Amino acid sequence: MSRVLALWCPDWPAVAAAALADLPATHPVAVTSGNRVIACSATARAAGVRRGLRRRESQARCPELYVVVADPERDARLFEPVAAAVDAAAPGVEVLRPGLLVLGARGVGRYFGSEEAAAERLVDEVSAVGVECQIGVADQLSTAVVAARRGVLVPPGGSARFLSLLPMAELAAEPSLSAPRRGELVDLLHRLGIRTIGAFAELPVVDVASRFGNDAVLAHRAARGEPERPPSARSLPPDLEVEQHYDPAIERVDAAAFAGRALAGLLHERLSGSAVACTRLTISAHTGNGENLSRTWRCAEPLTSEGTADRVRWQLDGWLTGRSEARPTAGIAVLRLEPVEVISAGALQLGLWGGVGDGEERARRALIRVQGLLGGEAVQVGVLGGGRGPAERVTLLPFGDERVAAHDLTAPWPGQVPAPSPGAIFVDNPRVRLGDAAGNAVYVTERGVFSSSPARLGWGSKEWAVQGWAGPWVVDERWWDPSAARAAARAQILLVESRALLVIFEDEYWSVEGVYE
């Protein structure tokens with residue numbers, strides 16, 4: 001089982017603002033956006049300051065409060081030394097947002113002897129750069145982040161028990177792991193009387209999918225401690241990464257931001273051309289003196305071009321203006337953006353027809369309404385996956401669910417019927433008769449070839465002459481398991497009326513699997 005370690009720096013926007021203003025850690029600090037508090041330090045909370053308060057009210061509660069406007073660039077720039085310190089002790093760091101990062105717990109646990117020892121070592125490493133942090137370890141990413149907020153190492157298999165008594169608000173507490181409207185979902189469930197994560201986990205998954213939508217399904221999986229998976233993760237298409245050389249090397253942050261935006265636009269052109277979107281991005285830079293810098297960013301929602309440009313700008317700002325001992329000794333000569341994880345662009349569409357406009361949104365709402373009336377399984381979407389026959393390559397999933405095929409599309413499938421696929425396939429394959437010119441039955445031998453050349457095909461009371469054929473393609477599945485073993489062969493048959501059939505020979509009989517149209 002893959003375990004996840006999360007490292008959380010409490011109140012990071014307030015901590016970063018205090019550090020930039022050279023204020024002591026005990027000074028109350030609040031960070032505002034839209035004239036409301038979005039983050040504050042522990043001392044500010046002790047004085048009555050809370051998130052959501054207006055600036056004037058927060059200053060009335062705490063007159064000595066230092067108030068600063070939110071600045072994501074500042075947060076990212078000052079978080080880079082923390083990420084670098086952790087990366088030096090345990091490679092494989094992924095930044096969810098400034099103030100929160102994750103890495104695989106298995107490797108670091110083995111290296112330091114145990115998860116407890118690894119957590120202590122990483123806390124010490126971060127403390128060395130003057131920052132306090134908390135560690136959480138769990139089986140799943142979202143649970144590990146919740147555990148980090150409490151400084152808990154959840155035992156293997158204990159995610160659901162750990163989460164069960166926590167309030168529902170924990171499922172929306174971390175914006176980097178939830179949809180933008182997760183808070184509305186939590187508020188709705190609270191009004192319905194569902195106050196704890198355990199109570200939410202007890203709801204049937206079909207009811208959750210049909211009444212609350214896709215994000216509720218993801219939250220429900222997290223509540224139950226079930227394995228998390230991307231909406232429709234797929235292998236990386238070739239040549240997605242983009243790279244740019246700069247002469248002279250980039251040394252100023254404004255020039256780096258301009259270069260990063262241009263490179264982000266180029267990356268998203270390639271992503272769009274391959275019909276994919278990026279959810280994990282590695283930003284790499286090489287300096288004029290041969291120094292190599294790299295950082296991976298993970299996102300809950302697929303990155304837009306603007307989101308990519310922002311993260312590139314934040315990261316370059318952190319590298320170029322960080323601590324003097326960690327700052328590169330020369331300008332950036334090469335900048336590279338490499339998608340680490342992509343999902344199908346179809347997972348981003350609110351509608352079924354390739355858009356996100358008003359018409360597609362209305363159609364989506366109508367289909368969700370049908371699901372609410374008839375159940376989550378009433379509206380299904382086909383997803384192409386791996387397999388040998390046309391029917392087994394299509395996985396039907398409830399509309400709005402994670403679009404992950406049952407079989408890996410990129411895996412080798414010996415005996416797979418070559419393109420094109422049939423225009424129509426049968427649920428119950430009707431039996432047919434295949435014979436040669438002498439009237440003898442044609443079958444597939446143990447060598448995987450026809451016993452004789454097909455000449456006639458009979459279907460019910462009708463019979464046609466065979467004009468040509470392709471195959472057979474032999475299927476020999478699960479031969480090691482007698483209860484699940486399957487031996488069959490498929491062939492394409494062209495009739496004189498230019499009608500083509502996909503037929504399968506199994507259990508000594510021929511049947512029609514599909515019709516080419």
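Reader: What is the strand order in the open sheet of 3 strands, and what kind of pairing does it have?

Author: In this predicted model, the order is β3-β2-β4, and the pairing is mixed. The edge strands are β3, residues 36–40, and β4, residues 66–69, each of which pairs on one side only. On average, and with direction ignored, neighbouring strands of this sheet are turned by 35 degrees against each other.

Reader: And which helix packs on the sheet?

Author: That is helix α1, residues 12–20, which touches β2, β3 and β4 and whose direction makes about 110 degrees with that of β2.

Reader: In which sense do β2 and β3 pair, and over how many bridges?

Author: Strand β2, residues 29–33, pairs with β3 in the antiparallel sense over 4 bridges, and serine 33 stands opposite arginine 36 in β3.

Reader: Now helices: how far does α13 reach from its first C-alpha to its last?

Author: Helix α13, residues 253–273, has 21 residues and reaches 30 Å, close to the 30 Å expected at 1.5 Å a residue. After α13 comes alanine 275, whose phi is positive, near 60 degrees.

Reader: Which residues of α13 are buried?

Author: The buried residues are Ala256, Ala257, Ala259, Gly260, Leu263, Ala264, Leu267, His268 and Leu271. As a general point, an α-helix has 3.6 residues a turn, so residues three or four places apart point the same way.

Reader: Last one, threonine 143: buried or exposed?

Author: Threonine 143, which lies in helix α7, residues 141–148, has a relative accessible area of 1% and therefore counts as buried, the cut-off for that being under 20%.

Reader: And what is threonine 143 in contact with, leaving aside its neighbours within four places in sequence?

Author: With those neighbours set aside, threonine 143 is in contact with Ala138, Ser159, Phe162, Leu163 and Ala222.

How values were computed: Residues numbered from 1 in each chain as written. Predicted model: local features only at pLDDT ≥ 70, side-chain atom pairs only at ≥ 80, totals over all residues. Heavy atoms only, no water. Pairing = 2+ DSSP bridges. Helix = DSSP H or I, 4+ residues; strand = E, 2+ residues; numbered from the N terminus. Axes fitted to C-alpha atoms, helices over the stretch in contact; angles between N-to-C directions. Contact = heavy atoms within 4.5 Å. Expected span 1.5 Å × (residues − 1). Buried < 20%, exposed > 50% of the residue type's maximum accessible area, 1.4 Å probe, protein only.
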